[in-house]
Amino acid sequence: MSFNPDCVGTRYQGTPQLLDRDRHGAYAEAVGASPGSEGEFIRPLACFAAVYLLWPVVPQLFQDPEVGLDVEHLLHGEQEFSFERPLAFDETIEPQGLIAQVDRRRGMIFLDFRCEGRDASQAVVARARSLFVVKEPK
Amino acid sequence: MSRNPGLDHFPPLLGEGPPERRRKVNQAVIAAYAEASGDHNPIHLDRDYAQRAGLPDTIAHGLLTLGTACAGVEGWASERAWVARISCRFSRPVRSGEELTCTAQVTEVGEGAAVLELAALTSPEERALTKTKVELRTLVES
């Protein structure tokens, strides 16, 4: 399976994700986060977007035979998250991913992957940009 | 891990930030993150697989490292501000068993917003993250 440089523009749809406290609690414990003075989290941690925004779509990218990424030689190079407003527990976010750009230089593939999360009104409330770097075979 | 004393004013002052946090990222932590996030890539969970990939041991997920670094900022600021933007570069994988030392301080203050630069180190010379910034915005509209 070889990498397809014409994959730019490929979109992936994730299933709607509920920002529930149980799943957030497991995430918060894993990253060592402490709740505020009230003893519970006021709102979901921003990096919880890794769970409800990225992970419903990134595995689709990694497993897409039409893209042909060599995930054994893939590194996560950069990550950005941005939000239009503070999100709340019990909201549902619908994630979508897009291969925005591909660069090949010095034997490496640089894949720019964008995600958007829409709320119940279909407004985009969360965005992610991931840069994945893959070493090309010699 | 002790609870951080929180930010009680906004905007924060230049140079302010949450207390330094240290956290050992052992295999139990990595496994807990894999379960919580759904990322079960064997490079994080299977030592033999990681060694076949040329690594000395399993490595933490990049987003576990980022989440650990950002958790201190959010714990510190969450009653006064929300996180509007996070950006980072993963410069070095964190190996199972390494200890992360995370610091953050305010480097820019604007109208209703502040930016902190974060550091996450596995030793004084080795940075797991570089170019890591968190933008806070006040919860109270001016």
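In chain A, residues 24 or more positions apart account for 72% of the contacts with a separation of 6 or more. Two residues are in contact if their C-beta atoms, placed from the backbone, lie within 7 Å.

This is a predicted model: local features need pLDDT of at least 70, side-chain atom pairs count only at pLDDT 80 or more, and totals for chains, interfaces and linings use all residues. Residues are numbered from 1 along each chain as its sequence is written, while chains are lettered from A and ligands numbered from 1 in the order in which they are written.

**Chain A**

Chain A holds three helices and six strands. Their order from the N terminus is β-β-α-α-α-β-β-β-β. Helices (H or I, at least four residues) and strands (E, at least two) are DSSP runs, numbered from the N terminus. The C-alpha trace of chain A spans about 55 × 30 × 20 Å along its principal axes. Of the 138 residues in chain A, 31% are buried. A residue is buried if 20 or more other C-beta atoms lie within 10 Å of its own, exposed if 12 or fewer, and partly exposed in between; these C-beta atoms, too, are placed from the backbone.

Thr10(A) sits in the segment before strand E1 (11-13). Ile109(A) lies in strand E5 (residues 108-118). Thr10(A) counts as partly exposed because it has 17 C-beta neighbours inside 10 Å. Ile109(A) is partly exposed, with 19 other C-beta atoms within 10 Å.

| Pair | Apart in sequence | C-alpha to C-alpha |
|---|---|---|
| Thr10(A) and Glu66(A) | 56 residues | 9.4 Å |
| Ile109(A) and Pro5(A) | 104 residues | 9.2 Å |

Leaving aside residues up to four places away in sequence, Thr10(A) touches Val67(A) and Ile99(A). With the neighbours within four places set aside, Ile109(A) contacts Phe3(A), Val102(A), Arg104(A), Val134(A) and Glu136(A).

**The contact with chain B**

Chain A gives 28 residues to the contact, and chain B gives 35 residues. On the side of chain A that touches chain B, helix H1 (21-30), helix H2 (49-54) and strand E3 (74-83) each supply at least two residues. E3(A) provides the largest share, eight residues. This side of chain A divides into 15 nonpolar, eight polar and five charged residues. Ala, Val, Leu, Ile, Met, Phe, Trp, Tyr, Cys and Pro count as nonpolar, Asp, Glu, Lys and Arg as charged, and the others, Gly among them, as polar.

E3(A) also pairs with strand E2 (residues 81-90) of chain B, in the antiparallel sense over five bridges. Two strands pair if DSSP finds at least two bridges between them. Ser82(A) has Arg85(B) as its bridge partner in E2(B).
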